[in-house]
Amino acid sequence: MVESRPLGIKPEQYFSESWFSAEQSLLENTLWNFAGLVRDVAGDNDFLTVPIGSKSVILQNFKGEIRAFDNVCAHRFSRIRACERGNGLLRCPYHSWVYNSEGVPVSIPSNENAFGFDAVARAQHSLKRWRVEQCGELLFVCADHAARNLRSFLGDMFEELEALSNCLGNEMDVFSFEYEANWKICVENTLDEYHATFVHPTTFRPMLSGGFTYGYDRLLSKVEASVTDETQKSWGRLEKFFAARPLKTDTYFHYAVFPLTTLASTFGVNFSLQTFVPQSPRRTLFKTRLFLSKFEDGRLPPAGVVKALGQSAAEFNRTVFLEDKFICEQVQLGLQQNSGLTGALGHYEQRISHFHQALDRIHAGAWGARTSG
Ligand code: FES
Ligand SMILES: [Fe+2]
């Protein structure tokens with residue numbers, strides 16, 4: 001017999017300032033956070049700036065080594081990077097201090113007359129360093145230097161995510177917008193198979209057949225969904241063009257990388273990578289990147305087929321995301337009414353229960369990257 005559960009977390013957790021700042025603090029101090037792709041900082045001196053909680057963090061390539069620091073100059077605290085991506089020495093725009101791969105200021109204009117810093121004093125004025133680890137193409141950062149490594153954080157799904165990320169080929173679309181909703185509503189919506197056919201009548205409804213296989217490890221979850229015969233038939237006509245893709249499946253699958261990132265794919269042909277960035281208790285920035293698969297031995301499908309697939313996948317995603325935005329904003333409004341109802345989570349919302357348990361664990365310090373899993 002199938003059992004439903006009450007919602008598991010309280011309505012105020014979706015709009016209170018104090019819950020929000022506790023969650024931001026977990027992102028900034030405790031968790032491994034997805035930050036970008038290796039390709040985003042592939043060349044010497046390439047950099048990427050990412051928001052983690054209330055902080056801004058720089059990832060920079062130093063001759064092949066990717067390092068991360070607080071985006072705050074150790075001199076008088078200017079932001080070092082004002083833009084999201086670029087290339088150049090790690091130089092502060094205010095008084096031109098230049099930092100090396102250890103975050104130590106190696107060039108301080110007029111040092112002798114202005115500061116007289118020796119090597120020890122320079123080292124004392126280093127940037128605040130973050131740990132960087134990678135899972136295939138996925139880069140993660142963590143502020144806690146005593147925390148267990150990324151492999152422990154991702155658990156059994158580390159290898160799967162590594163393999164998936166290594167399938168990412170050319171980027172086909174980038175899209176971002178803001179939800180007027182708490183970040184947990186947005187994430188929960190991605191973990192909800194139940195809504196897919198009602199909220200997405202022209203995309204997921206004709207595609208999904210209703211067979212879902214769930215998987216969990218530690219803070220992460222995944223689902224694999226079978227597709228309708230109709231979808232299978234139309235895909236069958238195209239499959240030959242994509243035969244050289246490394247991951248051949250006939251399903252849709254979706255991974256939730258706790259807490260803010262998801263990676264989904266249809267048939268292993270295209271991959272959609274989403275990140276939610278909490279902005280305030282009631283506002284969340286959403287960023288998505290769509291990738292074509294890589295192809296073995298460079299056996300690319302014909303350009304016209306790739307173009308058509310890219311357009312149709314981008315259109316599919318944008319339709320889905322805007323429908324999700326509407327419904328998430330309705331949920332935010334309903335939660336704020338604080339009606340005293342307990343709510344219910346059914347079988348097709350089981351990943352939300354798991355997400356709530358994961359949240360409980362990290363709030364209680366039970367995950368604490370240092371404890372065993
Ligand atoms: S604030 Fe950065 S060099 Fe002065
Ligand atoms: Fe949705």
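Between domain 1 and domain 2 of this predicted model, the count is two salt bridges, a salt bridge being a side-chain nitrogen of Lys or Arg within 4 Å of a carboxyl oxygen of Asp or Glu.

Strands are DSSP runs of E with at least two residues, and helices are runs of H or I with at least four residues, numbered from the N terminus.

The chain is divided into domain 1 (38-146) and domain 2 (153-363), with bounds that come from an automatic or database domain assignment. The centres of the two domains, taken over C-alpha atoms, are separated by 33 Å. Eleven residues from domain 1 and 14 residues from domain 2 take part in the contact, where contact means heavy atoms within 4.5 Å.

The size of an interface is often given as the accessible area lost when the parts come together. Here the area buried between domain 1 and domain 2 is about 980 Å², of which carbon and sulfur atoms give 59%; buried area is the accessible area (1.4 Å probe) that two parts lose on being put together, summed over both. Of the area that domain 1 buries against domain 2, R39, C135 and L138 supply 46%, more than any other three residues.

Across the same interface, the rule finds five residue pairs in polar contact, both residues at pLDDT 80 or more. A polar contact is a pair of N or O atoms within 3.5 Å; within protein, one must be able to donate a hydrogen and the other to accept it, and residues adjacent in sequence count only if both atoms are side-chain atoms. On the side of domain 1 that touches domain 2, β9 (129-135) and β10 (138-142) each supply at least two residues.

An open sheet of three strands has the order β6-β7-β8, with antiparallel pairing, and two strands pair if DSSP finds at least two bridges between them. Its edge strands, each pairing on one side only, are β6 (90-91) and β8 (105-107). The bridge partner of R91 in β7 is V98.

Two loops hold features of the backbone. In the loop between β14 (251-257) and β15 (261-266) lies P259, which is joined to F258 by a cis peptide bond with omega of about -5°. K63, in the loop between β3 (55-62) and β4 (65-70), has a positive phi of about 45° although K63 is not a glycine.

Residues are numbered from 1 along each chain as its sequence is written, while chains are lettered from A and ligands numbered from 1 in the order in which they are written. In this predicted model, local features need pLDDT of at least 70, side-chain atom pairs count only at pLDDT 80 or more, and totals for chains, interfaces and linings use all residues, while side-chain values use heavy atoms, with hydrogens and water left out.
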